Each structure stands twice: as C-alpha cells, then as structure tokens.
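Welcome, and thanks for taking a look at this one. Here is a short tour of a helix, its charged side chains and a set of paired strands.

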Amino acid sequence: MSQQIVINSLSFAREGRSLEGELPLSGLERLQDVLADVSGTVRYSLQGRVSRQGKPQLLLDVEGLAPVVCQRCLGLYAYPLSIASTLELIADEAEISQEELEDDSRDFLVAQKEMDVAALIEDEIILALPSAPRHEECELPGSSERGTKVSPFAALSALKDKET
C-alpha cells in the first residue's frame, strides 16, 4: 500500500474523532485485478461515535469512480462509488448473536488497536462493486458492424416461403 493510516478503532470511536482524505486507486492492491485502470483517487471520511445504546461505531463514507470493464460491451465503465457504512465495533466475533447477524441494517467490525484505514476502505469498495458491472445502456461488441438486426428465425421463414 502506498499510504498507511493506522488508528486505534475503539479510542477513535469513543473520542468522536474524524479523519478524511483521498486514497490513490493504485495503492489499493487487492483492487488491481478488478479495475480496468488504477489512475485516480477515492475520497473518504471516517467519523467515530458512540451510539445511543452506548456501542462504539465508525461511520465511513467513500466517494469516487471505479474504472471497470462493462460486461456487456467490454468498454470502460466509470462505476460511481457512493458508500455510506455504519460499522459497530465489537470485541470479538463470539459477541454477536445469531439474531444480530441476520439483521441487515447493521454491520459489525472487530475492534483493533492498529486498524489500517486504507484496508478498511478497500474492503468496503470490494463489497460495493457489482460482480458483473454494466452500463445502463450499451450495445454488444460488434453489433454496430452488423447493421440491421437479423432475426434467428428469418432463415426458417425463408425456407417455409420456398415450400409453398
């Protein structure tokens, strides 16, 4: 990683500290195989707080563009990242009940004395990226070369017309 930002997650949350900045995509090594281009940055904001229930939390916001390959047209697609995560800090995974695990409105994170913020941001980006990114509207590769669209049943129709 080109930039390492380390925090004590529990004290960061309990003290209500905040952190913001930019990370270069080229420094996020686990994204290298997923992205079509690693030039560019993502902006992030990390805020610590304690919930009404007294639970330490980290609020993470990530904004930017992730250049990926469209799985339909195979062209470059600048996938917009707009991530807003609330991560509740826990001592260990055994602390979570089955009911809490099934609650999709909450995400849990094991508290660490030396949490790598860039790795946390990279994890959230990986989770946010679609498995098969596609433009809203695009054409299949080579479809503009063929001109008019030919129905696969046109040949059958022609054969039927010859028989009559």
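Helix 3 has 12 residues and spans 17 Å from first to last C-alpha, close to the 16 Å expected at 1.5 Å a residue (the expected span is 1.5 Å times one less than the number of residues). Please keep in mind that this is a predicted model, where local features need pLDDT of at least 70, side-chain atom pairs count only at pLDDT 80 or more, and totals for chains, interfaces and linings use all residues. Residues are numbered from 1 along each chain as its sequence is written, and side-chain values use heavy atoms, leaving out hydrogens and water.

**Helix 3**
- Helices (H or I, at least four residues) and strands (E, at least two) are DSSP runs, numbered from the N terminus.
- Among the buried residues of helix 3 are V117, L120 and I125 (buried is under 20% relative accessible area, exposed over 50%, partly exposed in between, with a 1.4 Å probe and protein chains only).
- Where helix 3 starts, a side-chain oxygen of D116 comes within 3.1 Å of the backbone nitrogen of A118.

**E124, a buried charge**
- E124 is buried but has no salt bridge, and R30, the nearest side chain of opposite charge, is 9.7 Å away (Lys and Arg count as positive, Asp and Glu as negative; His and the chain ends are not counted).
- The side chains of E124 and S85 make a polar contact at 2.7 Å (N or O atoms within 3.5 Å; within protein, one must be able to donate a hydrogen and the other to accept it, and residues adjacent in sequence count only if both atoms are side-chain atoms).
- Leaving aside residues up to four places away in sequence, E124 touches L60, I83, S85 and L87 (contact means heavy atoms within 4.5 Å).

**Salt bridges**
- The count is 3 salt bridges (a side-chain nitrogen of Lys or Arg within 4 Å of a carboxyl oxygen of Asp or Glu).
- R30, E122 and D123 are linked in a network.
- R30 and E122 approach to 3.3 Å between their closest N and O atoms; this pair links parts of the chain 92 residues apart.
- D123 and R30 meet at 2.7 Å, N to O; D123 lies in helix 3 and R30 in the loop between strand 2 and strand 3, so the pair ties together parts 93 residues apart in sequence.

**Paired strands**
- Strand 3 (residues 41-50) and strand 4 (residues 56-69) run antiparallel, joined by 9 bridges (pairing needs at least two DSSP bridges).
- Strand 4 also runs antiparallel to strand 5 (residues 76-90), with 13 bridges.
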